[in-house]
Amino acid sequence: MVRGIGFRVLTGIFAIGLAFGVSTSAQAAERVRVLIIDGQNNHTWKNMTPPMKADLERSGRFDVTVATAPPAKSPKEAWDSFRPEFSKYDVVVSNYNGEAWPKEVQKALEEYVAGGGGLAIIHAANNAFEGWPEYNKMIGLGWRDPKFGDRVTVDDAGQVVRTPKGEGPGSGHGPTHPFTIKVRKPDHPITKGMPAEWLHAKDELYHGQRGPAEHMEILATAYSDKEHKGTETNEPMIWVIPYGKGRVFTTVMGHVMNDDDQAIRCPGFRTVLLRGTEWAATGDVTIPIPDDFPKAGK
């Protein structure tokens, strides 16, 4: 009787996995423990965290917890109680862009990632913490002014171009619009199996990001067109950086403002979120490219 019940339960799980396009290898692997941090952002984080959490959990690969930081200008007592236990998780996903965290929390994140933890930076989270040196090392490039650090782009031949600090534009973006993502590292676990080019839904195309960009591996770019007040070059959209024994994954896609959430509903973004988060946690990817993944021009 017990074996029969167990079989029915496993069969049900397998069916659910197939319905959501989850590979049997993803189901078989131990679930990845994810902590999403939000609470402040210049974007509508309350409309962004729930669908990201749902997508991660729906894959069958992740168990997700959310830690919400105190609102802006909260009293010290509120911040004194904000102490996420990073060590309980395999990866931290940041949907936060706001006031500086307490020094104790900053130090805890540094030690967590350096010790082998994963960190995933989503869209405006790379705008945060300009005055936190180790965070700038972890994210590589952030929303900063031209004097902050080097700018990194990719030329039409696929070569990385570094523009020294003080030269060229600072961070910005034109009006939201659909744009083509070009995969630069097709053999990396996150991008392996993706089309060489695919059309992303309406989003903010960040340009002029600045930072130390040490040991940075650019996985995908987008051409910033002058028609959309762009820079007429290929700007990084997805990249990874090692930090100690840990891994940091960043995508600057994922704009949400009020009810405008087309960017995070794009199957391309959702796949990048899942695969990037899994890679940051484990160094590998088991989540497949879904059938509805965008194509070039579609």
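Trainee: Which strands form a hairpin with five residues between them?

Mentor: Helices (H or I, at least four residues) and strands (E, at least two) are DSSP runs, numbered from the N terminus, and two strands pair if DSSP finds at least two bridges between them. Here β5 and β6 form the hairpin with five residues between them, and Gly158 in the turn has a positive phi of about 90°. This is a predicted model, in which local features need pLDDT of at least 70 and side-chain atom pairs count only at pLDDT 80 or more, whereas totals for chains, interfaces and linings use all residues. Residues are numbered from 1 along each chain as its sequence is written, and side-chain values use heavy atoms, with hydrogens and water left out.

Trainee: In what sense does β5 pair with β6, and over how many bridges?

Mentor: Strand β5 (residues 150-154) pairs with strand β6 (residues 160-163) in the antiparallel sense over four bridges, and Val154 has Val160 as its bridge partner in β6. Strand β9 (residues 210-211) also pairs with β5, in the antiparallel sense over two bridges, with Gly211 in β9 as the bridge partner of Asp150.

Trainee: How many of the residues of β5 are buried?

Mentor: A residue is buried under 20% relative accessible area, exposed over 50%, and partly exposed in between, with a 1.4 Å probe and protein chains only. Four of the five residues of β5 are buried, so that by this definition the strand is mostly covered.

Trainee: Is Thr250 buried or exposed, and which residues does Thr250 touch?

Mentor: Thr250 lies in strand β12 (residues 246-251) and counts as buried because its relative accessibility is 0%. Taking contact to mean heavy atoms within 4.5 Å, and not counting residues up to four places away in sequence, Thr250 touches Ile121, Ile139, Met237, Ile238 and Trp239.

Trainee: What length does helix α8 reach from its first C-alpha to its last?

Mentor: The expected span of a helix is 1.5 Å times one less than its number of residues. Helix α8 (residues 267-282), with 16 residues, reaches 22 Å, close to the 22 Å expected; 13 of its 16 residues are buried, and Gly283, which follows α8, has a positive phi near 85°.

Trainee: Which residues line the largest cavity?

Mentor: On a 1 Å grid over the protein atoms alone, a cavity is a set of points where a 1.4 Å probe fits but cannot get out, and lining residues have an atom within 4 Å of a point. Grid points are joined across faces, edges and corners, and a volume is the space filled by probe spheres set on the points. The structure holds one cavity of 30 Å³ or more, and the largest cavity is lined by Gly174, His177, Leu205, His207, Ser224, Asp225, His228 and Gly230.

How values were computed:
1 Å grid on protein atoms, 1.4 Å probe; cavity = no way out; pocket = protein on both sides within 12 Å on 5 of 7 lines; lining within 4 Å.
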